[in-house]
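Could you walk me through this protein model, with an eye on how its side chains meet?

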Amino acid sequence: MAQRLHLVFGGELIDPSQNAFKDIDDIHIVGMFPDYASAYDAWKSEAQRTVDNAHMRYFIAHIHRLRDEETEVSPTEELG
């Protein structure tokens, strides 16, 4: 079975309607996770912790997709 690595990270955005970070040096790396479910739990925890700051955003990066660029995947594959 292939590893499905996911990176959870976040930080303060310049504008909440865009995905550009205010300070790249201040990005919070939450961690690397072996599956989407554990990455989602970590993402949700950080997102809820920072809910009062509209400029703060956390993301899940699908690292396994970077390792196997030949495999076509829909953006919602993990949600179904």
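What follows is a tour of a predicted model, beginning with a helix and ending with aromatic rings.

Let's start with helix H1, which covers residues 36-49. H1 has 14 residues and reaches 20 Å from its first C-alpha to its last, close to the 20 Å expected at 1.5 Å a residue. At its N-terminal end sits a cap: a side-chain oxygen of Asp 35 lies 3.3 Å from the backbone nitrogen of Ala 37.

Now look at which residues of H1 are hidden. Tyr 36, Ala 39, Ala 42 and Glu 46 are its buried residues. Viewed down the axis of H1, these buried residues fall within an arc of 130°, so they line one face of the helix. Their cover includes strand E1 (6-12), strand E2 (28-33) and strand E3 (56-62). Turned away from the buried side is a face that carries the exposed residues Ala 37, Asp 41 and Gln 48.

Setting aside neighbours within four places in sequence, Glu 46 is in contact with His 28, Val 30 and Tyr 58. Its side chain also meets that of Arg 49 in a salt bridge, at 2.6 Å from N to O. The count of salt bridges comes to 1. Both partners lie in H1, 3 residues apart, about one turn of the helix. An α-helix has 3.6 residues a turn, so residues three or four places apart point the same way.

Next come the aromatic rings, where the structure holds 5 pairs. One of them joins Phe 9 and Phe 21, a tilted pair with 6.2 Å centre to centre and 55° between the planes. This pair links distant parts of the chain: Phe 9 belongs to strand E1, while Phe 21 is in the loop between E1 and E2, 12 residues apart. Phe 9 is buried, at 17% relative accessible area, and Phe 21 counts as buried at 16%.

Another pair is formed by Tyr 40 and Trp 43, whose ring centres are 5.4 Å apart with planes at 35°, so this pair is tilted. Tyr 40 and Trp 43 both lie in helix H1, 3 residues apart. Tyr 40 is partly exposed at 32% relative accessible area, and Trp 43 is partly exposed at 25%. To finish, return to Phe 9 and Phe 21: together with Phe 59, they form one aromatic cluster.

Definitions and conventions. Residues numbered from 1 in each chain as written. Predicted model: local features only at pLDDT ≥ 70, side-chain atom pairs only at ≥ 80, totals over all residues. Heavy atoms only, no water. Salt bridge = Lys/Arg side-chain N within 4 Å of Asp/Glu carboxyl O. Helix = DSSP H or I, 4+ residues; strand = E, 2+ residues; numbered from the N terminus. Contact = heavy atoms within 4.5 Å. Expected span 1.5 Å × (residues − 1). Buried < 20%, exposed > 50% of the residue type's maximum accessible area, 1.4 Å probe, protein only. Arc of directions from axis to C-beta. Polar contact = N/O pair within 3.5 Å; in protein donor to acceptor, adjacent residues only side chain to side chain. Phe/Tyr/Trp six-rings, centres within 6.5 Å; stacked < 30°, edge-to-face > 60°.
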